Amino acid sequence: MSKLPSSPIYSSDVYLMACKQFDRAADAINLPETIRDRTKHPRRAVVLSLPIQRDDGTVQVFEGYRVQHNLSNGPAKGGVRFHPEVSLGEVAALAMWMSWKTALVGLPYGGAKGGVIVDPSRLSERELERLARRYMQELVPFVGPHVDVPAPDVGTNERMMGWMVDTWSNHRGRLEPAAVTGKPLALGGSQGRREATGAGVAYLVSRYLEDLGVPPSEATVAIQGFGNVGGEAARALARRGAKIVAISDHTGGYFNARGIDVEKALACVATTRDLRAFDGGDALSNEQLLTLECTVLIPAALERVITPEIAPRLRCRLLAEAANGPTTFAADRWLEENRPDLEIIPDVLCNAGGVIVSYFEWIQNLENYYWTRDEVLEKLFLQLERAREAVERQRSRYKFTRRLAAQTLGIQRVADAKMARGLYP
Ligand code: NAD
């Protein structure tokens with residue numbers, strides 16, 4: 001166990017969960033005491049007051065955060081979440097997971113995350129623009145291409161990344177596309193970035209289905225969350241021949257034994273912002289979706305949905321964690337002891353496609369030399385495959401679960417960089 005108690009400022013269930021995972025992984029690899037606290041605790045956190053003018057002329061102040069967990073392996077990297085439940089603890093946990101993820105997949109980055117407490121669906125487009133710009137403006141002294149590079153996450157998108165990069169660039173007096181990733185193509189975004197996380201999830205699901213001897217055409221898939229990640233994972237898996245039998249978003253879920261028409265569902269979200277108007281399946285609750293009998297279950301919404309109550313009722317063969325932190329620590333331990341037949345692709349591996357293509361976007365921006373979509377996807381799958389093989393080697397070498405294998409690899413690489421750098425001064 002590390003000696004420094006977690007700061008009360010991060011206190012939250014999700015931060016506690018990330019800390020428990022760290023302690024377990026650090027014990028499993030006998031991480032030296034001298035490096036534990038430095039590796040575990042966030043390097044720094046910024047709390048922001050964000051005043052914006054609403055369309056009715058009033059001024060409203062929102063609260064935002066940026067947590068930079070690790071800066072030892074390179075610039076910090078991580079998304080920005082706009083959601084009413086955002087807290088400093090949640091952002092810190094997500095930043096910690098980014099550190100293990102970038103290290104696991106071999107990127108020259110640390111880990112960070114940002115968030116604003118806001119329900120974006122309650123703001124007009126102009127109000128959202130003001131908030132995204134204000135968030136970036138307040139962060140100007142703390143981020144940048146070689147310090148910390150934001151990207152989209154829940155509730156933020158390409159468009160907002162465009163406003164953020166414009167804000168940062170205006171402070172510099174010249175376009176600086178490498179300051180933010182997940183941007184529109186017109187501003188130096190990368191081919192393949194929008195679909196990268198979902199395409200990566202689909203690639204890994206296909207690889208693990210191969211190991212199970214199940215051809216994609218015989219696999220049924222249930223997906224919770226139909227935003228950037230869930231929607232693109234559905235599209236990519238359907239293209240690989242799988243049958244998507246259930247989807248959901250925050251407005252409700254749909255089941256169709258013959259297969260959901262994914263393109264129709266995506267068109268519904270593109271025009272009306274959510275699935276409320278979707279008429280291609282029967283209604284089902286989140287709980288029904290998570291416990292559905294299917295080959296692959298993909299949580300692609302928020303954290304901590306697979307709880308100790310849900311875990312014993314899972315009926316999938318493969319759990320692909322597209323969301324960050326979807327399985328609680330206790331549920332994970334239960335699954336480890338009681339469901340050895342269940343294959344889990346842990347979040348730090350499963351959803352790493354997003355940050356890998358963000359890295360490609362950053363390289364293209366720094367070099368001012370742009371790649372085709374095929375080049376991007378080919379390099380993405382290669383990098384994911386290398387990480388997957390490393391996880392499988394670690395797993396069989398130490399008899400770890402796949403999650404422990406992935407986390408220990410990430411944590412060890414972060415600790416190694418810190419040890420190699422030494423303590424300054
Ligand atoms: P998004 O905002 O595009 O979509 C989130 C989806 O989850 C929406 O469909 C929303 O309606 C749904 N949702 C929210 N609450 C729900 C609930 N209670 N029940 C069912 N659905 C609910 O966000 P995203 O970018 O797709 O991110 C989803 C997850 O993937 C998050 O955990 C995020 O951290 C993770 N992730 C995202 C990326 C990326 O590149 N965007 C990369 C890695 C990991």
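Asn157 caps the N-terminal end of helix H5, with a side-chain oxygen 3.2 Å from the backbone nitrogen of Arg159; a polar contact is a pair of N or O atoms within 3.5 Å, where within protein one must be able to donate a hydrogen and the other to accept it, and residues adjacent in sequence count only if both atoms are side-chain atoms. This is a predicted model, in which local features need pLDDT of at least 70 and side-chain atom pairs count only at pLDDT 80 or more, while totals for chains, interfaces and linings use all residues. Residues are numbered from 1 along each chain as its sequence is written, and side-chain values use heavy atoms, with hydrogens and water left out.

The 15 residues of H5 (residues 158–172) should span 21 Å at 1.5 Å a residue, and the end C-alpha atoms are 21 Å apart, which agrees; the expected span is 1.5 Å times one less than the number of residues. After H5 comes Gly173, whose phi is positive, near 85°.

Buried residues of H5 include Trp163 and Trp168, where buried means under 20% relative accessible area with a 1.4 Å probe, protein chains only.

| Element | Residues |
|---|---|
| strand S3 | 76–83 |
| helix H4 | 125–139 |
| strand S5 | 148–152 |

Helices (H or I, at least four residues) and strands (E, at least two) are DSSP runs, numbered from the N terminus. Five strands form an open sheet in the order S1-S2-S4-S3-S5, with mixed pairing, two strands being paired if DSSP finds at least two bridges between them. Strands S1 (44–53) and S5 are the edge strands, each pairing on one side only.

Key
Buried < 20%, exposed > 50% of the residue type's maximum accessible area, 1.4 Å probe, protein only. Contact = heavy atoms within 4.5 Å.
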